[in-house]
2 protein chains.
Amino acid sequence: MKVAIIGIGLIGGSFARDIRKLYPAATLFGMDTNAENMQKAQRLNLVDQSTTYGDLAQMDMVIVSIPVDVLVRELTNILDAVGDETVVFDVGSTKALVCKAVEAHPKRRNFLACHPIAGTEFSGPEAAIENLYNGKTNIICEVEKTAFKLQERALQLFQEMGMRIRYMNAAAHDKHIAYVSHLSHISSFMLGKTVIEKEKNERDIFDMAGSGFESTVRLAKSSPAMWTPIFEQNKANVVETLEEYIQNLQAFKKMIEEDDFKGVYDEMDSTNRIKQILNGIPLTK
Amino acid sequence: MKVAIIGIGLIGGSFARDIRKLYPAATLFGMDTNAENMQKAQRLNLVDQSTTYGDLAQMDMVIVSIPVDVLVRELTNILDAVGDETVVFDVGSTKALVCKAVEAHPKRRNFLACHPIAGTEFSGPEAAIENLYNGKTNIICEVEKTAFKLQERALQLFQEMGMRIRYMNAAAHDKHIAYVSHLSHISSFMLGKTVIEKEKNERDIFDMAGSGFESTVRLAKSSPAMWTPIFEQNKANVVETLEEYIQNLQAFKKMIEEDDFKGVYDEMDSTNRIKQILNGIPLTK
């Protein structure tokens, strides 16, 4: 099997590691606009060699793991270049604009729109790890538009990697993911910002911060290059979640200001049921 | 050594576990208004027997690990009951009101105001674990008001438990801790609330939530009984942090609405330095 990975960072590189293990005979090709990352990926043995669009027609599988703004621009060029028997899938955190970008493409049947919900706050090829996707959910959109035999090849890989598959339409994906992923990132970034701004003397943060702060602010370490275009593409949903989040914070602040501590207690008590909701989420990063 | 632990949950119980290990000859006494928790604490061998205020005069050490509202009410009664050679320390997440409650007490010299920055999102005696405090910071306020020999007894325990000691005045403690701890809890609770409200169909949360959401929302599992009085006692600082947090969120939302994605990128990029700030925080829960 010949596999090309376009964008060889945390996400693409972690695919490479699993494919190496599951398909020892596969040849892995890499492409990255960052020459240094490309060299690292070869040094780390994530890929065997670099490739170009001219070679994509030979591939059995092309994984596109690049920021979603570049994805939306490049995906038609990638589909132009691949062969009739190549399956192409993306891993972007937004789905509506990606699906729209290729809806009229003659090779639409070669493309599978995916979002594996996995990652860490780190980035680059050296952040790639084995088994990142094991037990994680992979959301697939518009599956009916992909040729059955090509779907099958990708789905077999996902299954062997241990992913759970969920099918969803692209608009529903973007709406729900704004709540459970995009909002978490913004709340974490703004928490980090608020504390950094206040605590000019960083020793104070360092000495007083515990594992609770660390956990809540962890996502503020994430890559701005990856997240900025996600917020841009999912603007309407993200703004809506932010409005609701800000309203909830304002209501909570008002209760504190008005000494309504019964209300404060009740809010936290009813939110405690997040425990049960979270119980089934696989927690390995 | 005779040690009484008043309030035998996660925090008090974890002290009990370490004292058992470090002082095998110590006798541990427990007190809890919740009879079921008291029984659990004995069954789990956290304490040897229950005790009452009438016995506190015999103790070498009294650890007061109860919600801060009860603490502020009870601490004078506890000091009334202890002996001249007993050292009493609390573990409350606020310090100004606690210190104020005992400032004129004739046994003020028996009291050491402490805040070990450690915990998990769980509560109750069964949540108590060994080594919870190892490598964690313990903030001590108004140390000069505690008799030197009694300080020494408590500090030796803290040192043997592996805690790092920091001295701070109570007002500074309450101000800084609002940023690095209290605000994290509120941001997490309100994130949980926002998502739960929106996602009536919890399967959607469950299937799409990843480790990033789990990490950011973890503190929303915390005990409302513990946290409500903390927000009440630290009201002014908490409201101030919330105002700044909300302002930052509103500014971020405005940038998204106005398509200022350069600004969005820059905000995240400058907040990324939380990585370096967090690098030294001990992360074992």
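Me: In which loop of chain A does A:Asp259 lie?

Reply: In this predicted model, A:Asp259 belongs to the loop between helix 10 (235-257) and helix 11 (261-271) of chain A.

Me: What makes A:Asn131 partly exposed?

Reply: A residue is buried at 20 or more other C-beta atoms within 10 Å, exposed at 12 or fewer, and partly exposed in between. For A:Asn131 the count is 15, so the residue is partly exposed. Its place is the loop between strand 6 (111-116) and strand 7 (137-141) of chain A.

Me: What is the phi of A:Asn131, and what is that of A:Asp259?

Reply: Phi is near 65 degrees for A:Asn131, a positive value in a residue other than glycine. A:Asp259, likewise not a glycine, has a positive phi of about 55 degrees. Most residues other than glycine have a negative phi.

Me: How do you know that strand 1 and strand 2 of chain B pair?

Reply: Pairing requires at least two bridges. Five bridges join strand 1 (residues 2-6) to strand 2 (residues 27-31) of chain B, so the two strands pair; they run parallel. Within these strands, B:Ile6 stands opposite B:Met31.

Me: Why are strand 3 (49-50) and strand 8 (164-168) of chain B called edge strands?

Reply: The open sheet of eight strands in chain B has the order 3-2-1-4-5-6-7-8, with mixed pairing. Strand 3 and strand 8 of chain B each pair on one side only, and they are the edge strands.

Notes. Residues numbered from 1 in each chain as written. Chains lettered and ligands numbered in written order. Predicted model: local features only at pLDDT ≥ 70, side-chain atom pairs only at ≥ 80, totals over all residues. Helix = DSSP H or I, 4+ residues; strand = E, 2+ residues; numbered from the N terminus.
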